[in-house]
Amino acid sequence: MPTDIQHLKTIEQRLLWLSHWMIHNANNLRLKEDGLKVGGHQASSASCVSILTALYFATLKPEDRVAVKPHASPIFHAMQYLMGNQDLERMKNFRGFGGVQSYPSRIKDIDDVDFSTGSVGLGVAITTFASLVQDYIQAKKWGKDLPLGRMISLVGDAEMDEGNIYEALQEGWKHDLRNCWWIVDYNRQSLDGVVSEGLWERIIGVFTSFGWDVVKIKYGILQEAAFQNPGGEQLKDWIDACPNQLYCALTYQGGAVWRKRLLDDLGDQGDVSALIDSYSDKELAELMENLGGNCVETMTNVFAAIDHDRPVCFLAYTVKGWGTPLAGHKDNHGGFMNKTQMAAWQKDMGVPEGQEWDKFATVENSTDLQAFLDQVPFFAKGLRRYSDKIIDAPMITVSTDREISTQMAFGKILDEISKSDTELAERILTTSPDVTGTTNLGPWVNRRGLFHRHALEDTFQTEKIPSTQKWAFNKEGQHIELGIAEMNLFLLLGAAGLSHSLFGKRLLPIGTVYDPFVCRGLDALNYACYQDARFMIVGTPSGITLAPEGGAHQSIGTPLIGMSQDGLAAFEPAYMDELSIIMNWAFTYMQKDGEGDPDERTWLRDETGGSVYLRLTTRSIEQPAKRLDDDFKQGTIDGAYWWRKPGPNCELVIAYQGAVAPEALEAAGFLAAQRRDIGVLAVTSADRLNAGWTAAQRDRARGNQNATCHVERLLGDLPKHCAILTVIDGHPATLSWLGAVAGHRTIPLGVEHFGQTGTLQDLYKHYGIDREGIIQQALGALPR
């Protein structure tokens, strides 16, 4: 056996042991105060240990990026521990507070995680979009020095049931995907049992139809050698015909049962019987478990043979629980070895007692192994978390119409940026799932173009057919057009929003989507935020304000999504000047990466940065006169400002957010004729108000009595008898908490039930958020 293969085999066995000992320690040795099972997926880790060993220690280069399947997390962390990128205390605290995470996490783990995984399927698909983003960057003059890496995913075969994978495959085909590998850990077992027979044929068919190369890796070195002997062809035919469930069951039962079943099925056939008899029971079990994906030498050779940049799907046959007493059992997904089994396996692995955490226990020549590890290309440059300079965001000034919608204003602001020769304009990447024109990205696209690696002409323009939209693709384009799949939108935003960290080149991604369909991509949105990706998502049009479209296109709960989603600052401005201020702030906020100390004005941790969600509308409303005061500007960013400051005897405050501003102001004007001290609070971000309030409360509970947030200062001087009426074109719970800030009665108005078709006036009246509805509710709350 060549020296490198010997080292790889040693590493494989070290990773197998360290990962399983870490899980065993967490479940059977470490004190558990709550008595709950910790878990850890020993069997799912074991099935892919050979794949990961061959990949990381013999194949990868520093520019490559890998999404490791969630249940292989223990192998990944054992690998990082072996290489000095993970510490012993966190390994011992696996799945504990502050310890190694259950699934690889960019934001919670200290080691070199490229892509967080956990929600199955998403870690697979994001590699498609990371490859697309890599191509986008390299095509630009400021990114031409970027070395192209392979975007790789280790995929559990049960993950292939996830629909977002196939949406990503189709999008990759549209964009001529390259430099992307998906390695399917085909152990043929899922959480509840064994996968369907013939799945491999379907996988091959799907991938080839989308232009991928498919490499099927079924046999390991030992099996290939056996097939060359007399009787080998009959043995191979039997393996190929064996059903998944039977292969798993025989694996679990071991060599003697393998022998009996093979001889019973094949009969006395001379050569094949002699071949089987030439192996001891232990050797026969090792032979039958030597599938391609469980053979580090085979996987190393297969990876090395790829000499092109076409996307490749590797279908690697493996045994779930390979190399352990759990191998093959259909219940092994959630199981792990008990103390007796672990003691026997430890003896079998040759690990001395007291050396369980020793990286080089069982290694005869640790000096030679360390020398090998020191020259592994992938780890040679250390941790690969890059950064890029901060892109300056000059103040955006746009002349406004007397009446304009926030969606139209968004388009005008971007168009103004597109005209400029600034680095901000250069680094913005826009994308949309087939709603580019109807979300007002058209002017930006007309000036900045669509991206594709290959130039594609606009036939309508070539044929001189009039059209408002220029639809030509080239390498210089700054808009990536997607099909109607919102999961793909958020996965692309996630990949582009990590460009500074993955590739050392900063992008400022902006995506648009119809606001109700934020929900269709919600899992991928959460996933992108969990990666700490930085992007701007614009949900527009929103609410029942999109009156003629009906309930299927009228969002209700999205303001609550904006409030509850970690890593996302949500805004819903009513006016263009508010939107301009927010977008200018957002371009800087998206680039921040500081410490989490709170701003004592708002009690928000803005220095940590994050992504931004803008909920906009197509309703044109009359714009206010030019506003220059600092309270307005700062209040817009902090989440609210007084449109009309309350008087000392205020009995009612109307707090509104978004498109219902005209109704709120008209109602306040009517009521002010009778109650002059009425106040009007313009809320631009219930999310930021609420986040600051809860943060300030936590700090006061810890003893900091000076912790006071923006909304507490806004409402703190209101008389106790004052009522707060809140109104939003969305769920009323968005603002209903405002009364709790300083103990005021609250009347929350909004939309709680599915929308329907009608005029805006019809629907506002029906749902009680029109002028008259607000007045009626207010009068009911005021003293007679």
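**Close-up views of a predicted model**

**View 1. Strands β1 and β2, side by side.** Three bridges join β1 to β2, the strand of residues 151–156, and the two run parallel. One spot to look for is Val66, whose bridge partner in β2 is Ile152. As a reminder while you look at this pair, strands of a sheet pair through backbone hydrogen bonds, either parallel or antiparallel. Please keep in mind that this is a predicted model.

**View 2. The open sheet of five strands.** Stepping back from the pair, you can follow the strand order β1-β2-β3-β5-β4, with parallel pairing. The edges are formed by β1 (65–67) and β4 (213–217), each of which pairs on one side only. On average, neighbouring strands of this sheet are turned by 15 degrees against each other, direction ignored.

View 3. A disulfide would need the two sulfur atoms within 2.5 Å. Cys48 has a relative accessible area of 0%, so this residue counts as buried.

**View 4. Cys519, a partly exposed cysteine.** Cys519 is in no disulfide, and the nearest cysteine sulfur, that of Cys529, lies 14 Å away. Is Cys519 buried or partly exposed? With a relative accessible area of 43%, Cys519 is partly exposed, whereas Cys48 is buried.

Definitions and conventions
Residues are numbered from 1 along each chain as its sequence is written. This is a predicted model: local features need pLDDT of at least 70, side-chain atom pairs count only at pLDDT 80 or more; totals for chains, interfaces and linings use all residues. Side-chain values use heavy atoms; hydrogens and water are left out. Buried means under 20% relative accessible area, exposed over 50%, partly exposed in between (1.4 Å probe, protein chains only). Two strands pair if DSSP finds at least two bridges between them. Helices (H or I, at least four residues) and strands (E, at least two) are DSSP runs, numbered from the N terminus. Axes are lines fitted to C-alpha atoms, for helices over the stretch in contact, and angles run from 0 to 180 degrees between N-to-C directions.
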